[in-house]
Amino acid sequence: MARPHAHRSEAVDRSARGLSRRSLFAGAVSLGIAGSLGAAGCSRVPDDGKVLGGSLLDTLRDQGSVKIGIASEPPFGYVGDDGQATGEAPAIAKVILKRLGIDDVRPVPVDFGALIPGLKARQFDMVSAGMYINPVRCEQVLFADPDYLMLDAFIVKKGNPHGIRTYDDVKKKGLELATGKATAQTDYAKAAGIGDVLVLPDQVAGLDAVAQGRVDAFAATRITVKSAVAGSARVSATEPFQPVVDGKPAYGAGGFAFRQSERNFRDAFNAELLKLKQDDYRELLQIVGPFGFTRDDMTGLTAKELCGR
């Protein structure tokens, strides 16, 4: 499916940016506990609220290693069978960090809701989990420009007997919907007026629920749905679509996060990311292609636009 908004670079309306791959509520919980975790940081480090240059990049270069926070979510970021970080975001990070003089990338898996608090508490040096960029999170961390823009899709019974295409279809037809725990899809469903959404552990449970007839559809990102239904004789994926909230597109653009006191690190990383996007995203696609990302998932949006600044 063509992505009409995938390469848009003009300013994006704020009301279309308030949601995230993990729900805004989950992010708010994270921010609420960040203060207590942040107390573990060294007193000589600038407060997180002060956006300064920072010297972390120099420190990481000297020690030759970096810790990245991931949320164990294929294909965005997870630990492979070899114990190494893999997935779309860690794969990009490894290339860029090597160019910045840092060869050893060490994953620190945490729950998604603990990524921002963990970053602020200096449990790791950056977040590499494909985190959706929104204004709430932008108040807490610095983001590099997004490295992907993702549409949604549904797992449905083979042949899509109910003709489901969007959240509005689910609402109008009175169908049963499920999604994963603390996902943006829950927010999108509520915005469409779907009041009762079954929350399941993951897409595997969602596939089973659809196949068994307990729900009519399971909502997730298009890449998650595509991976889940591959080879299944019981279910299929709908065509990817752009979620809409209050009549405006809700962009799911993910990127890398850094502490607010480390602008130099963010800027250096972002400069290398922009190089990967040159020549129609050729080099970036070589890195993320093995994880199912395509040209349609690329974006020219900026963190500034998504943060509303």
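Predicted model: local features only at pLDDT ≥ 70, side-chain atom pairs only at ≥ 80, totals over all residues.
Biologist: Which residues of helix H9 are buried?
Modeller: Buried means under 20% relative accessible area, exposed over 50%, and partly exposed in between, with a 1.4 Å probe and protein chains only. The cover over the buried residues of H9 includes strand S7 (148-150), strand S8 (152-157), helix H8 (203-211), strand S11 (217-221) and S12. In H9 (residues 222-229), the buried residues are Arg222, Ile223, Thr224, Val225 and Val229.

Biologist: What percentage of the 309 residues in the chain is buried?
Modeller: The chain contains twelve helices and 15 strands. Contact means heavy atoms within 4.5 Å; among contacts between residues at least 6 apart in sequence, 76% join residues at least 24 apart. Of the 309 residues, the buried share is 53%.

Biologist: At roughly what angle do the axes of helix H10 and helix H11 cross?
Modeller: Axes are lines fitted to C-alpha atoms, for helices over the stretch in contact, and angles run from 0 to 180 degrees between N-to-C directions. The axes of H10 (residues 263-276) and H11 (residues 278-288) come within 6 Å. Angles of 65 to 115 degrees count as roughly perpendicular, and H10 and H11 are therefore roughly perpendicular to each other. Their axes cross at roughly 105°.

Biologist: Which residues of H10 and of H11 make the contact?
Modeller: The residues of this contact divide into five nonpolar, one polar and three charged. Here Ala, Val, Leu, Ile, Met, Phe, Trp, Tyr, Cys and Pro count as nonpolar, Asp, Glu, Lys and Arg as charged, and the others, Gly among them, as polar. H10 contributes Leu274, Lys275 and Leu276, and H11 contributes Gln278, Tyr281, Arg282, Glu283, Leu284 and Ile287.

Biologist: How many residues apart in sequence are the parts that the pair of Tyr167 and Phe241 ties together?
Modeller: Rings of Phe, Tyr and Trp (its six-membered ring) pair if their centres lie within 6.5 Å, and planes under 30 degrees apart count as stacked, over 60 as edge-to-face and the rest as tilted. Tyr167 and Phe241 form an edge-to-face pair, at 5.4 Å centre to centre with 70° between the planes. Tyr167 is buried at 4% relative accessibility, as is Phe241 at 6%. Tyr167 lies in helix H6 (residues 167-172) and Phe241 in the loop between strand S12 (235-237) and strand S13 (244-245), so the separation of the parts tied together is 74 residues.

Biologist: Which phi does Ser72 have, positive or negative?
Modeller: Most residues other than glycine have a negative phi. Ser72, in the loop between S1 and S2, is partly exposed with a relative accessible area of 42%. Although Ser72 is not a glycine, its phi of about 55° is positive.

Biologist: Is the peptide bond from Pro74 to Pro75 cis or trans?
Modeller: Pro75 is placed in the loop between strand S1 (65-70) and strand S2 (78-79). With omega near 0°, the peptide bond from Pro74 to Pro75 is cis.

Definitions and conventions:
Residues numbered from 1 in each chain as written. Heavy atoms only, no water. Helix = DSSP H or I, 4+ residues; strand = E, 2+ residues; numbered from the N terminus. Parallel < 35°, antiparallel > 145°, perpendicular 65-115°, else oblique.
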